[in-house]
Amino acid sequence: MTDAVVVGSGPNGLAAAIRLAQAGVAVTVLEAHDLPGGGTRTTELTEPGLLHDHCSAMHPSGVVSPYLRSLPLGEHGLEWLWPEVDLAHPLDDGSAGVMARDLARTAASLSPDDARRWERTFGPLVRHFGDLVDDTFGPILGPPAHPVLLARFGLAALRPATMLVDRWHDDRARGLFTGVAAHFFGRLDRPLSAAVGLILTAAGHAVGWPVARGGSRAISDALIAVLASYGGSVRCGVEVKDLAQLRDLTGRAPDLVLLDTSPASALRILGDALPDRVRRSYTAYRFGPAAWKVDFAIRGDVPWTSPEARVAGTVHLGGRAEEMVAAERATSSGAMPDRPFVLCGQQYLCDPSRSAGDLNPFYAYAHVPHGYTGDATESLIDQIERFAPGFRDIVVATHVRGPSALESYNANYLGGDIGAGANDGRQLLLRPRLALNPYRTGVDGVFLCSASTPPGAGVHGMCGFHAAEAALASLG
């Protein structure tokens with residue numbers, strides 16, 4: 001019987017393991033951390049009873065993922081919940097741009113002219129979002145299934161976000177789109193920086209930005225349960241340092257090895273077995289700006305000046321579009337801005353199971369330079385206070401993770417880059433290297449399946465699925 005080892009139990013590692021197990025492969029997943037899940041872990045970080053997501057929190061890509069949707073995750077406890085408003089982008093005057101599944105509600109938050117331009121931009125993408133997902137949630141290996149739709153998306157996606165945002169005139173629309181585009185984690189005045197904003201905004205209107213009841217760990221718990229139903233297993237607390245170690249851990253050299261790791265970790269594990277051309281590509285693989293994450297235990301709700309922010313699952317803080325563009329330019333060049341872009345999560349609004357009495361879990365992360373060694377906590381809180389005066393008064397406890405702590409928590413987050421690789425230039429589309437099969441490492445039977453492969457970051461499992469397909473094809 002064919003057997004496989006998957007190194008890493010993030011959503012991609014688990015998706016790869018399930019796909020292999022479905023094909024009759026005996027699979028063992030090895031995880032260095034004492035808890036499985038990678039970015040989909042949830043624990044009590046601050047106060048007893050408060051459930052905090054360690055990394056991923058909103059999951060539009062999880063809802064639309066072709067592979068995750070094919071699995072009976074709901075039968076194993078995964079339930080999606082939606083906030084009243086998916087995203088709010090407040091401004092200093094108390095107004096806000098709103099992204100909701102209902103395009104009409106978004107339009108109502110914008111000026112009439114901008115509302116019409118918003119619908120012209122996103123309406124076609126939303127109406128054909130399933131087809132767009134089919135063409136963008138995988139490697140670029142051949143002609144697209146929906147060339148006209150992909151061309152329409154691609155023409156806009158190739159532009160800098162700063163160019164695309166100029167189609168709107170009011171600060172609410174301009175700020176709303178720029179804040180979503182900032183998920184790019186890079187300069188917003190460079191080509192391709194509009195792509196992330198387009199796909200995430202279209203997803204918001206098509207399926208929303210839902211959360212998992214009980215925390216993101218419900219996703220990994222359900223994936224592990226599905227894997228177990230096919231006979232696969234997960235072992236935690238096992239750090240894989242080289243290929244030879246796998247023989248000792250499993251009793252024989254496995255037929256297949258899939259690495260849910262960064263290229264840097266793959267370099268360490270595979271060592272001299274890597275061909276020179278792949279070694280050069282993995283060595284040159286770049287990582288982007290970092291996150292500075294603070295989890296808060298708060299008493300009551302955040303006192304946002306914007307009414308829309310009080311019912312939003314996600315709140316982006318950065319002010320006007322021009323301010324966010326400047327902040328992202330600074331972090332990309334290694335400078336810490338006075339007012340960083342900050343993303344806030346209020347998952348408890350639609351999932352009260354995360355709260356305890358009048359205490360609620362609230363989190364925020366700021367974009368900071370790669371490997372930032374300072375302390376961005378006060379800058380982050382200042383941004384919250386800017387749009388929610390009195391926030392400091394409701395904070396009961398905090399838990400802080402900067403870039404070094406994020407990397408210690410998850411080795412894939414080098415320098416605090418939670419996106420597992422810079423999104424600039426060719427690397428956004430052709431990660432981790434230019435190859436017909438980007439999942440192959442050049443070592444027989446070994447494949448890379450992490451978010452450092454297409455289609456990139458996000459809790460969708462598609463990197464793992466495609467890597468598993470490549471591994472199965474290699475068996476002949």
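A nonpolar core here is a set of buried Ala, Val, Leu, Ile, Met, Phe, Trp, Tyr and Cys residues joined through side-chain atoms within 4.5 Å, where buried means under 20% relative accessible area and exposed over 50%, with partly exposed in between (1.4 Å probe, protein chains only). The model is predicted: local features need pLDDT of at least 70 and side-chain atom pairs pLDDT 80 or more, while totals for chains, interfaces and linings use all residues. Residues are numbered from 1 along each chain as its sequence is written, and side-chain values use heavy atoms, leaving out hydrogens and water.

Start with Leu20, Phe177, Leu198 and Leu258, which have the most contacts inside the largest nonpolar core, a set of 94 residues. For a second, separate core, select Ala290, Ala312, Ala364 and Val368, which are among its 30 residues.

Back at Leu198, look for its contacts (heavy atoms within 4.5 Å). Not counting residues up to four places away in sequence, Leu198 touches Thr121, Phe122, Leu125, Phe153, Ala156, Ala157, Leu164 and Phe177.

Next, select Arg120, in helix H5 (residues 112–127). Is Arg120 buried or exposed? Arg120 is exposed, with a relative accessible area of 52%.

Terms used:
Helices (H or I, at least four residues) and strands (E, at least two) are DSSP runs, numbered from the N terminus.
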